[in-house]
Amino acid sequence: MLDKALFELPGIKRILIALAVFAAFEALVILGLAWGLSSAVTNLWLGHPTTEQLLWIVLFFLSFVGIQIVRYAKDKMLDTYAFERADELRQDLMHSIFSRGSSLVQEQGSGTTTTLLLEGIEQVEIYLRLVLSKMVRLFVIPFFLLIPIFILDWVSGIIMLLIFPFVILYMVILGRFAGEKATKQHKEFKRLANHFVDTLRGIDTLKFFGLSKKQGDSIYAVSERYRGATIKTLRVAILSSSVLDLFATLSVAAVAIMLGLRLLDESIILFPALTVLILAPEYFKTIREFAADFHASLDGKNSLASIQKILLKTEESEDASVDALLNDSRHLLWSESSELAVNDLSYLYDEFEAVSKVSFAVLGPVKVGIIGASGAGKSSLIHLLGGFSLASEGSICINNTELTGANREEWQQQLAYLPQNPYIFHATLSENISFYHPGATEEEVLQAAQVVGLQDLIDELPEGLNTKIGEGARPLSGGQAQRVALARICLDKKRSVLLFDEPTAHLDIETELELKQKMLPLMQDKLVLFATHRLHWMHDMDLIIVLDEGRIVESGTLEELQKSSSTFASFVSKLGGGAA
Amino acid sequence: MSKDAVYKTQHDAQQDAKDTAQNQVSAKKAGAKRTRIGVKRWITPFFKQYRGSLALALFLGVLTFVFAAALMFSSGYLISKAAEAPDNIMVIFLPVALVRIFGVGKPLLHYLERLVSHDWILRMTSKMRLGLYTVLEKDAIFFKKRYKTGDILGLLAEDIGHIQNLYLRSIFPTIVAWALYVLVIIALGFFSLWFALYMALLLAVIVFLVPLVSVLINGARQTRRKVMKNDLYEQVTDNVLGVNDWIVSGRSSEYVQAYQGSEKALRKVDSLLNTSTRRRDLILQVLFACVIISLLLWAGEEFGGSRAGIANWIAAFVLGFFPLIDAFAPLSAASIETNKYRDSIDRLGDLPSNNINEELFQGALQAPFVIECKQASFMFHDGINNVLDELDLTIQAGEKLAVLGRSGSGKSTLATLLRGDLTPTKGSITLNGIDSSKLGDSISDYVGVIQQQTYLFNTTLAENLRIGNSSATDEELWDALEQVGLSYLVNRLPDGLDTLVDEAGLRFSGGERHRIALARVLLHKVPIVILDEPTVGLDPVTEQALLNTFFTTMKDKTIIMITHHLQGVSCMDKVIFIEDGKLTLSGSPEELAKTNPFYQRLQAFDRGEY
């Protein structure tokens, strides 16, 4: 249950010491409580008048409330500490996401990245709040309570001391075996529960086959069958926490009975017996608290581990690029006479070479078409060329300067990137268009919008350019989104390198035709790297690269490729009846 | 400039927060009503189910605490009695026995209580799942389309899980605590009416007033936090998806700063919540101290005055209350937690209620199958324009029809109307003279659909294929796979037909999924198949190969292919173009290629000649 990652957190020693002091204080006030209360009760039992017990009652009251005051202070300290650590993690993670870009998001999945940032860090925060205090209390409070118990009645002390290692041993066994089993069962339970979601997601498919009504009965039947399985799981899962419960109550009962029997033969008197009886539940409470919130702790522990893994990877990739800092990044400036050279470029994705030993070179504003079937490595190559992911082997050189993690920002400042689904931010249309160039005036934005054919959309929107668009507001069609992305490029004329990643693949042919007319003028006098499987674009390219399984199988001008009995030609012929 | 932009974003966030706060006030009443509807549909009816085990669960819950209190009560009495040092050991026989019973009984009861309550909850879950499924099934085709973004179905399934928690963590503990409250008061009433009344008031502060006040104070804060967190979620999802754009724009640091600003704002609310929770716990502790001291003073007066004897009860009463703190203290947290589940209840409550079943056509249609649209118009309830506008179209048996149009032109709606999942607002759409919407589920005997995304259920390949025909033999399955060109691939899989389709590393590609969908349709043996943009996102080589398979395997069937580009169109008998719900162009592809300039232009463009 102890997590090594915890001890590497900054300031952890200070916090652990502070927690130990708090726990000692807490033990002390618990003692005060027991002393005050049992004195009062003993005196009353002896027949003393109630009015004489004021002092003891005040002691009890102050101690009882004191427990909460100590916890108050401790929680406040932990709250701040946990937040600070979480905040640091958050900043580091944000830094990672925005420096490693889509390669990280792809690796993790966009959902996971978001969840990690928002839920994961919160879980870590809760984890820190819970686990540190529980850990320290487990070792401090029982120990501090045992001392007075031994002084008051060593027999009870021995009973409680002997039970302690048993409970710890039990929890270790629980952690090792039962925990493992419970996790396995938990997984099984999840898998079973997924059946329901699976059916819901495929509900239209069922309907198409006329099966949806019948499936309702099966949902109920399956759900009931799972209930049986789940209850079996729970019998074990609940049992483990109930055993702890049993340990605690039985020990209290045992202490009470032992005390009773020894009071009979007058080997002890009421006051110490009562004090011990009040302290006993408190003694076991700390142990039981330690075992509680198992799942919340587990979630936090796992999140902490996955965040640290990402951070470590980012650090590595940044370390690797530090020595490249010496290079003068001004060389990366792209001009009419610049050269882009790709040498033996490879990229590993999941142990598999998505891009394999790709080499080519271009000089000045050239239009390069990159074609190939799905999975040929077109997108990966575009990501490498944009510096969104870093090569596993080989290099990309601009004007003989290698593109690295350290200088890629300079390169990226000159890029315009147009993916298959350009991202439309939840902001106004105008803000979306001026994304690369936030200083643009309204006229400039409007002009750019008109150039790419967005006037119709502007007229349609209730507040024109100032209407909020994107997810959750007004969604745009695929064609409209592409136009907005084009307008971005149009607005910021400084960007002289265009990266296109299948920008028209999913558009209807009429929209594609209109967009092509808008795109061609924008591509003039720029370095264009254009990945697509729509072959009609090839007529406008100066150089065509044909990719297959990550390798360049052919390259040349359209005429050259058409002449040869090439892969390109066979690619075209496979399209058969419909096109080309 | 960039600095301004950051301030602007932060300012916007504050403004947004203000706006939402204002909206909340005005929307509060509507919201409360919404929640009431949700509760009425998804919470209260279930209390009436399996009343026996529900009552047992609650009874055991109460009894657990009664035993816990009784353990300390009898222990306190036991040692007081024993301290009298009576000569006869038999005097403490009964208390010793009770301590043993309660000591063993309490954990046992607790164990049973948790089992029974979970069992009840899981029974309810089965019912709720069935309920949810029935509601969604009515509207299955649409539901997914209406909520295109986000995984609404996953969300709804989770909501049921949340309601489970609502029962276990809020409703049950609250009922148990209230029952204990009543029991404590009644028990004290046997000894002293006035003291019972006094304790009723004091405990009422703990059991009712403090939870109520904390809901009043923190409920709004918690709602605000939830709104902020949701906004943050949207914002982050948005920007993580657009991360490359941020990087290329060179403005990432700007966003990172703005994000930190939002997180700080959230932290402020969190701090307020945490502080008030700590204060509440402190106040509760003071109240509990008052309860214990009151018990002590009352017991001292009632039973004290002389040594031992009835004074043995003093320790019993005082110690007996301690375990009850565990029942009363979490009440405030439990009542605040209900806020968390409100969204789930609202979301489930918003689902359409089951509508009345229309009268359906009973009986079987005979081949040949002809589809006819006569002056068919369609408009969504909330729409302004017709999605389809007075469409006339006849599709003969065995005809191959391509429907082209821009996205949003109404071509997908046409598919839904043909299958009868929607009813035309005006005009009619019929299959052999019967309104397709009147055919109900039996339409699936005549019309099959292959969608843009083929859904494969998380089970074996064979089970997925048998959705087409549950009685299909293995040979028939292999035959279908052979036809769609997958038999080679499936043969190579170690588990063959029994391969789990989603097992890691064995995911089928888009093209292969469509082939599986086709195999299902072939097994289903329908005369008419609608292809609803099935090749979007495939590369042209894969696409053409898939289309060839479609056309060869289904050459005897009517095919209605909805598409947005020209690939495969030349193999069809007829092409129609739909724009703004109207039929703008119609004819055979050869004819159009010869005579229609618009079509010629598109063709030329597709070949790259334009």
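**Notes on the two-chain model**

1. The C-alpha centres of domain 1 and domain 2 of chain B sit 53 Å apart. Domain 1 covers 36–350 and domain 2 covers 371–606, with bounds from an automatic or database domain assignment.

2. Keep in mind that this is a predicted model: local features need pLDDT of at least 70, side-chain atom pairs count only at pLDDT 80 or more, and totals for chains, interfaces and linings use all residues. Residues are numbered from 1 along each chain as its sequence is written, while chains are lettered from A and ligands numbered from 1 in the order in which they are written.

3. On to the chain contacts: 119 residues of chain A are in contact with 123 residues of chain B (C-beta atoms, placed from the backbone, within 7 Å). Helix α7 of chain A (residues 212–264) gives the largest share of chain A's side, 27 residues. Helices here are DSSP runs of H or I, at least four residues, and strands are E runs of at least two, numbered from the N terminus.

4. B:I314 touches residues of both chains, among them A:V41, A:L44, A:W45 and B:F303, not counting residues up to four places away in sequence.

5. Chain B also has an open sheet of 4 strands, in the order β2-β1-β4-β5 with antiparallel pairing (a pair needs at least two DSSP bridges). β2 (388–395) and β5 (434–435) of chain B are at the edges with a single partner strand each, so one side of each has no neighbour in the sheet. β4 (residues 426–431) and β5 of chain B pair over 2 bridges, and B:L431 has B:I434 as its bridge partner in β5(B).

Definitions and conventions. Two residues are in contact if their C-beta atoms, placed from the backbone, lie within 7 Å.
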